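Subject: A structure for you to look at

Hi there,

Here is the structure I promised to pass on. Please open it beside this email and follow along as you read.

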Amino acid sequence: MLRTNRLVYFLGVSSILVFLLFIVLPRLQQPPPPASYVNTQKPVAGGAREQKGGQAPPPLRYFSWFPHGDFAEQHEAFRNAIRIAYDTKRIMIAPMLRLGAPYPWLPFNQLARRYEAQDKTILRRICQSPDPDQMWRTALEPCETMNEWTEIPWSAIFDLDALELDFGIQIIERVRGHGWGSRESAMAQVDSFTVVDPMSFATNGSSVEHGAQVIQPPEPLTKPLKKYLTAAQLGELDATLVQFGALSSAARYRTRASKGQSQLHRALTSRLFVTPNNLLPVTLTANKMIEALGGRNRFSSLHLNLAKFIALDVRLDNTDEASLSNLARKELMNAVVLEIFGDIPINQAVSAAMPILESSPLSDLLASPQVNRRELLDACVDYRRKIDPRYPVYYLVNDLVTDPMTRKDLFGPLTESFPCIFSKADMYQWGIINHAWAGQVPQLTDQGVNYEDLLAPIVDILMASNAYSFFEIPQTPLTRFLKWQPKKSA
């Protein structure tokens, strides 16, 4: 009996050990389930995520919008579109980037009409052979100014592939035609579409002023309605294609807060879709000027929006710079100088205010009756490199004249306070860059367009992104855009 009990006891203990060894222990060694979908795999855009139980994925859905404004405003609209695409899992149909002759925000119907009028294939035809039914196009985009603007794909200057690789955001660029809605140029067939624009239609979205009822005003609208679309309202849109109006206001299109959205926001303000350096000739042109100015972080970028500055100056009765007296011009630039001194980094302001060290090439050159500006550039770079690493050397961009040095009556006070100021006109004159660079981009084929002028803002952005500091008077959305540029070592 005793032996039988021992045998039973032994078999029981053995069974428990086998159960622990082969059943319980392997399960304890398995990794825990993922905390979130975003951390384990790339989100799938367009509603094509694999369904449980072998169900077919939902149909692909799309959205688009109408562009307006300058580069910074169009870039902001594209950023908002990226955010919407990630949240709704819709495929983005991106209109091209318009360079030159920007137009402001307009209500949906006017913005749609303006976008349709940009089709240069049709414009060229009716400019050569007028068609009474199509003359509304030339009323919006005159034949005489057709070469003052162009459109290029966003992928020409930005790497868009990283958005899909890192966040699963799918993008189709509308590079042919300007059809939208049921006539969408980028789609062979549109099963259903809907128009959504809370800034144009009172029936869309929620009121910015909580509890207030927004009534549709009579056409034409002169300013956006105080409406916005919630994340829930965005998610409820069920049409195959959603056509938005303007997307340049982030507050008007809200998305769900999530860990993935936070990761996307960090990427869009540091490394993705922030530096327009995909066009090699443009990047090389900027690099040549950067090198001439002493290299990365060895110069600063200064943008003067003088037309806006004049318009904001209450002391001036006339907003046309050409009509200002010499005294008014001097006072205007003195005000600019004071604002620069007040807002630039303190170390640069102190160095600029201090006397230039005597017996230096820069001091000797500035003391001569006639200053050779090519020699001045070398002396400024040498002074900053060897004597005062804080001394400001500026790359100047302005909106009034091509060569600031030809307008001493206007820019004199600025160059007296900051003698080491140089512009793109100087770089052309000294052969550091040449006018042929814009013709070295094979994918730019809009005949008659001066790509050198239209791509100049992109060059200036690349210059600013490699500068020690950037300062703009008065500020525009470009200042915010340049804050996102990745920091570069010297």
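Below is what I found in it, going from the whole chain to single residues.

This is a predicted model, so local features need pLDDT of at least 70 and side-chain atom pairs count only at pLDDT 80 or more, while totals for chains, interfaces and linings use all residues. Residues are numbered from 1 along each chain as its sequence is written, and side-chain values use heavy atoms, with hydrogens and water left out.

**The whole chain**

The chain has 20 helices and 13 strands. Both are DSSP runs numbered from the N terminus: helices are H or I with at least four residues, strands are E with at least two. Of the 490 residues, 49% count as buried; buried means under 20% relative accessible area, exposed over 50%, and partly exposed in between, using a 1.4 Å probe on protein chains only.

**A sheet and a helix across it**

Look for the open sheet of 5 strands, ordered β5-β2-β1-β9-β6 with parallel pairing. Its edge strands are β5 (171–174) and β6 (193–196), each of which pairs on one side only. Two strands pair if DSSP finds at least two bridges between them. Strand β2 (residues 91–95) and β5 have 4 bridges in the parallel sense, and there Pro 95 stands opposite Arg 174 in β5.

Helix α3 (residues 71–88) lies across β1 (62–64), β2, β5 and β9 (241–244), and runs at about 165 degrees to β2. Contact means heavy atoms within 4.5 Å. Axes are lines fitted to C-alpha atoms, for helices over the stretch in contact, and angles run from 0 to 180 degrees between N-to-C directions.

What is the volume of the largest pocket? About 1300 Å³. Its lining has 38 residues, and Val 397, Asn 398, Asp 399, Pro 457 and Asp 460 lie nearest its centre. Among the elements that give two or more residues to this lining are α3, β10 (300–304) and α19 (456–465).

There are also 3 cavities of 30 Å³ or more. The largest cavity, at about 40 Å³, is lined by Leu 293, Gly 294, Arg 298, Val 381, Arg 384 and Arg 385.

On a 1 Å grid over the protein atoms alone, a cavity is a set of points where a 1.4 Å probe fits but cannot get out; a pocket is an open set with protein on both sides within 12 Å along at least five of seven lines, and lining residues have an atom within 4 Å of a point. Grid points are joined across faces, edges and corners, and a volume is the space filled by probe spheres set on the points.

- Is Ile 433 buried or exposed? Ile 433 counts as buried because its relative accessibility is 4%. You will find Ile 433 in the loop between α17 and α18, and its contacts beyond four places in sequence are Thr 285, Lys 288, Met 289, Lys 424, Met 427 and Tyr 428.
- Phe 273 has a positive phi, near 60 degrees. Phe 273 sits in the loop between α9 (259–268) and α10 (280–292) and is buried, with a relative accessible area of 4%.
- Ser 359 has a positive phi too, near 65 degrees, but counts as exposed at 68% relative accessibility.
- The peptide bond from Ile 473 to Pro 474 is cis, with omega near -25 degrees.

Most residues other than glycine have a negative phi, and most peptide bonds are trans.

Happy exploring!
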